[in-house]
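I opened this notebook to record where empty space is left in the structure. Rolling a probe the size of a water molecule over the atoms shows such space.

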Amino acid sequence: IIDKYKTIDLSKVLASKEGLKQFSTMFYEDVAEIYDAVTRIKNVERNPTGFSLNDAAILGLLVRIWKLLKEVVSYYKADNGQIISHFDRQIVESAITASYLLIKDDDRTIEDYRKCSYKNRLEALEEADAKTFYATPAGLRLINSIRDKMAAEGFDLASFEEQKRHKWKLEGKPFDQIFKQLEPDDFYKLMYGIPSESLHGSWSESLDFDLVKNEDGTYSTYPFYQPADVRFITPILRITNDPYLLWLERIECKDEYIEKIFKWIENINKRLFIAFEETYDLR
């Protein structure tokens, strides 16, 4: 992956909108492949086979990031920026949560994260005897799958008292508090708050992407998708590198060459952001 970039003149390629789009598409695709490869690395002395439950909780977040990023690239190629915005929140949540768990480096915190995912499943178990749905084949399948999942982790109905007290939030903290422990305060609304509107049926989102204002002040359908540009992805990559490096440190696989690769990703990402500012207008 790295070798093919050695002959590219970045200054020339990034000087036009066409070159910027072509290069950034290739770069994002390659970053997703690098992330994918990192999640397949392991220290066979530390982990002869797979990973423990607490390791796996973090690994799952890292796998989710590159899977979503590959989807983002596919819509980037299709020039569909509106759909990309639906993935932003999930990638940011996964990256921030993984970084937080890795920095804390505390098994109790990671177990808390795992337990917090059982909120609705636990409610289903607790009401299973009172609601007829759970006596149907579909309801029985659901209840059995929840019990199997809990048993595999050594949990029972009494395992979640702390999570109930904390209202099913990791360490009792709302996500914005966790985010702001890792990133500047302003980034929360810009990278997570506003993009979240795409998931919540936001009126502002509809005004921006799904309606067109007529000259008489009325509104009509806007049936086209918003074109994609580099602004959709460069901010995301700013926060996705860290958890992969922290993960490699956790599993005792970090080395100088891999650190250089991630520094290269960071530097190219900055160049893309600068190139966008120089190449595009202010709209």
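**Pockets**

I looked up the second largest pocket, which has a volume of about 460 Å³. A pocket, on a 1 Å grid over the protein atoms alone, is an open set of points where a 1.4 Å probe fits, with protein on both sides within 12 Å along at least five of seven lines; lining residues have an atom within 4 Å of a point. A volume is the space filled by probe spheres set on the points, which are joined across faces, edges and corners.

I noted that the model is predicted, that local features need pLDDT of at least 70 and side-chain atom pairs 80 or more, and that totals for linings use all residues. Residues are numbered from 1 along each chain, and side-chain values use heavy atoms, without hydrogens and water.

I found that 17 residues line the second largest pocket, with Glu93, Thr97, Tyr113, Cys116 and Phe175 the closest to its centre. Helix H4 supplies the largest share of this lining, four residues. (Helices are DSSP runs of H or I, at least four residues, numbered from the N terminus.)

I then turned to the largest pocket, which holds about 880 Å³ of space. Its lining has 34 residues, and Leu190, Met191, Arg231, Pro235 and Ile236 are the closest to its centre. Helix H12 (234-250) is among the elements that give two or more residues to this lining, and H12 gives the most, eight residues.
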